[in-house]
Amino acid sequence: MPITSINPATNETLQTFTSLSKDESLNAVATAGEAYQSWRKTSFAERKKVLLAFATELRKRSDEFARLITLDMGKRISESRREIEYCAEISDFYANGAETFLADQPMEDVDANAYIRKEPIGVLLGVMPWNFPFYQVVRFAAPNIMAGNAVMLKHASSVPQCAQAIAELFDECGLPKGVYTNLFIPSEFVETVVADSRVQGVSLTGSEKAGAAVAALAGKNLKRSVLELGGNDPFIVLEDADIPKTAELAVKGRVVNAGQSCVASKRFIVVESVADEFLTAFKEGMSKLKIGDPMDEDTTLAPLSSEEAAVKLLQQVQSSIDAGATVLLGGDRPDCEGAYFNATILTDVTPDMPTFDQELFGPVATVYVVKDEAAAIELANRSSYGLGGSVYTKDIQRGQRVAEQIETGMMFVNQPTRSQAELPFGGVKNSGYGRELSSLGIQEFINKKLIHLGPKT
């Protein structure tokens with residue numbers, strides 16, 4: 001089964017790769033298992049040397065790797081360069097911090113001379129999406145390589161050039177063969193890999209459907225798992241918000257990565273006393289977005305990742321329109337080549353509409369007008385998702401109080417949801433479980449082993 005890179009800006013086929021057979025996949029697992037036995041015994045200093053070299057090369061070859069991202073999935077070239085820099089920051093963070101994060105932990109206030117030793121657990125499988133083809137991989141691979149685990153990566157089939165480039169770069173930076181393995185395999189082989197006794201954990205970033213399938217596989221085979229799934233992030237605008245600034249942030253929060261981010265702002269919940277002012281400013285900002293070649297620095301709205309994604313989004317939007325939603329802006333696709341979608345704002349979306357609790361992966365915003373703060377909190381929590389969210393107010397204490405009442409894994413005050421190497425990333429409800437990034441991200445796939453040396457007395 002071929003794995004193909006198609007440029008979504010032109011729908012042109014760029015490169016095709018051949019999938020591994022089932023036997024080749026198992027051979028790769030065997031190689032990773034052997035590599036793990038050696039890698040787990042290496043010092044933090046040895047691991048750090050490789051990861052710092054990886055970060056250095058990312059920065060040195062930023063334009064090269066950014067171009068691959070844009071060709072594979074259509075991201076604006078400036079965003080692609082920022083993604084590469086962020087990967088370097090994450091690599092630096094774990095290279096420099098892993099030894100501290102995984103240091104022995106003395107057991108205090110117990111009558112025992114004992115401590116917790118933090119050790120790697122084995123080979124891990126990562127199943128990663130196309131929307132951030134370097135970042136999603138690095139935030140999984142960097143902490144686990146520093147922890148002493150071996151990593152296998154089944155990337156989205158639409159970004160094979162990025163998948164291959166990451167594996168080649170780890171090899172060039174001195175990572176031993178098998179410690180990081182790129183798996184060009186079809187989705188049906190994931191079950192074979194997870195079932196192998198050498199594989200001790202699996203991490204997936206993707207859809208709810210894929211997450212449920214992988215969680216079931218992990219449970220069936222008694223393997224650890226981390227899931228980062230979809231989001232429908234609320235963007236709550238209170239009556240005392242700075243509306244011009246908030247509307248500007250609303251545009252940025254909605255169309256980052258052409259709206260194809262699990263933590264993009266998606267549901268704009270606005271208190272009615274400022275709704276007209278916000279909608280006017282928000283519509284003006286969204287209407288100024290310029291569709292164009294993602295390689296062009298002047299483009300502000302890139303294509304979606306594929307023609308299939310654009311078709312699906314149009315179906316979702318049209319279903320809401322047919323059910324009575326009002327189109328304030330856009331609602332359709334431009335008449336041009338490529339997987340483009342016009343910036344769109346929908347209002348009058350009701351709970352009985354199909355898209356009310358669906359994730360719209362593209363530059364489509366749904367705006368809800370509510371009576372007051374209490375109603376905003378209630379609507380924000382009326383979702384099966386719980387990844388991120390944000391609230392806007394001139395009163396920071398009020399923003400904090402509202403943020404503490406929203407059922408998500410992350411909340412931001414006066415700024416859209418974002419990620420940072422030092423901050424934990426993850427959600428609740430149908431958005432998954434577990435945490436990535438920060439000191440918590442390196443703790444998911446380790447054995448916290450008790451070493452007891454006897455009573456203190």
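I looked up which element gives the most to the lining of the second largest pocket, and found α4, with five residues. Helices here are DSSP runs (H or I, at least four residues) and strands likewise (E, at least two), numbered from the N terminus. The model is predicted: local features need pLDDT of at least 70, side-chain atom pairs count only at pLDDT 80 or more, and totals for chains, interfaces and linings use all residues. Residues are numbered from 1 along each chain as its sequence is written, and side-chain values use heavy atoms, without hydrogens and water.

I noted a volume of about 810 Å³ for the second largest pocket. A pocket is an open set of points on a 1 Å grid over the protein atoms alone, where a 1.4 Å probe fits, with protein on both sides within 12 Å along at least five of seven lines; lining residues have an atom within 4 Å of a point. Volume is the space filled by probe spheres set on the points, joined across faces, edges and corners. Among the 29 lining residues, E79, F132, V256, T417 and R418 are the closest to the centre of this pocket.

I then turned to the largest pocket, which holds about 1,600 Å³. Its lining has 50 residues, with P129, W130, A156, G206 and S207 nearest the centre.

Lastly, I recorded that the axes of α3 (residues 62-73) and α6 (residues 160-172) come within 8 Å and cross at roughly 155°; axes are lines fitted to C-alpha atoms over the stretch in contact, with angles from 0 to 180 degrees between N-to-C directions. The two helices are therefore roughly antiparallel (an angle over 145 degrees).

Key: Angles under 35 degrees count as roughly parallel, over 145 as roughly antiparallel, 65 to 115 as roughly perpendicular and the rest as oblique.
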